Amino acid sequence: ETGGSGSVSTDLPESGFSACMESASAAYDTRCMLTALADEIVIPNYAQLTDVAKTFADASGPLGSYCSAISTAEESAAFADAETAWKGLVAAVQRTEMHAIGPASDNAFSLQYRLNSYMSGALSTCGVDSIAASSDVEINARALNTRGIRALDYLLFNSNLKHTCAPQVTSTSGWNDLSESERKARRCDAAMLIASDISDAASSIHAAWRAEGGDYRASFLQESNTFQSLQATTDAMFYLEKGTKDGKLGTPLGIIAACPDLTCPGFVEAPYSEHSLQNVITNLEIWNEMFSSNNETGFDAHIENEGWPEVSEAFKTNLEDALELAKSIDTSIVSQVNAIASQSDETECTNAYSNPDTTSDSFPMCTLYGMVKRIVDSLKIDFVTIVNVDVPGGSQSDND
């Protein structure tokens, strides 16, 4: 089974997408689409992330320079440089969230969660505090919810330098007695340790895809694995629902059942840097890239090839509208969550996401949720039907 009506060549050339298109016996070929995704999006994303993470974690890089500058006249400028580099690292990680396939998803997403453990549960701030307060930390022995970019968000942008552990936690017992500069320095050292772990995880995933490493690309593009690879790819793209729509927007805003209260600020992905909206934008951008791939192939071409050009066009229009709104919002998700303070505010948010064609002046983030939900609704019905794949487990019915 190929997952589509296009034919699949029996011997996929190793030279990539162009050779695949030349060998295809029909105008559209599913495995050529997968080749374009692997060679033009997935592997380059991991290559970029590997480079960015390595630079960020290097002792002479922007984070190391900031650590060295703490308590000096250069501290502010060094932090600004580190923040810029951190944003680049976060963007590179967020781009990989939409294609956690194969090596990134193996062993219960152990490598992916070393990059960003947001989908595995709440950040253990006490666990992160313990890393900062301890010496000779073996980072590989620490829980995933104390690592990744969320831990960096806490270590670098949380202005409250007090630890969050219970009194009986011995590793942090003397932490609050340290000077402010000492605590900042130790947090920065912990950030360096976690950045190195992110770099190692990114390098491991990239190596696993490459021919010189685990060569997962060959397995992913093997003719007999075409449908399985297509299913794995679309499963990963459903991060748009569970990660972007529900996790980063719906739960903190109190829209979906996962939040039992008026709002759930504890579920904001990047509460200290207030970078969460940019993460949503990055998720939408990479989903859009994966949907369209290139001018010759992509899920848009797949859907058009199956005779549904209007569905393909609707996806593109809705993605464009969601991105346009997201980029126009000048407030943070944290601020929007805090602004929903009453039942009347909740009602206004509900009206905003239920009628996304009109942007709410008070709660544009709720309107954005409605726009992303519109894309997800089409993903769960039109997309899976036309592309001939299954909805992944946990996404069978909406929960808002």
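Residues are numbered from 1 along each chain as its sequence is written. In this predicted model, local features need pLDDT of at least 70 and side-chain atom pairs count only at pLDDT 80 or more, while totals for chains, interfaces and linings use all residues; side-chain values use heavy atoms, without hydrogens and water.

**Exercise 1.** Classify the ring pair of tyrosine 66 and phenylalanine 79, and state where each residue lies.

*Solution.* 
1. Rings of Phe, Tyr and Trp (its six-membered ring) pair if their centres lie within 6.5 Å; planes under 30 degrees apart are stacked, over 60 edge-to-face, the rest tilted.
2. The whole structure has 15 aromatic pairs. In this one the centres are 5.2 Å apart and the planes stand at 65°, so the pair is edge-to-face.
3. Tyrosine 66 belongs to helix α3 (residues 62-69) and phenylalanine 79 to helix α4, 13 residues apart; helices are DSSP runs (H or I, at least four residues) numbered from the N terminus.
4. Tyrosine 66 is buried at 7% relative accessible area (buried is under 20%, exposed over 50%, partly exposed in between; 1.4 Å probe, protein chains only).
5. Phenylalanine 79, at 23%, is partly exposed.

**Exercise 2.** Describe the pair of phenylalanine 79 and phenylalanine 157, and say which helices it ties together.

*Solution.* 
1. The centres lie 5.7 Å apart with 70° between the planes, which is edge-to-face.
2. Phenylalanine 79 is in helix α4 and phenylalanine 157 in helix α7, so the pair ties together parts 78 residues apart in sequence.
3. Phenylalanine 157 is buried, at 16% relative accessibility.

Note on methods. Helix = DSSP H or I, 4+ residues; strand = E, 2+ residues; numbered from the N terminus.
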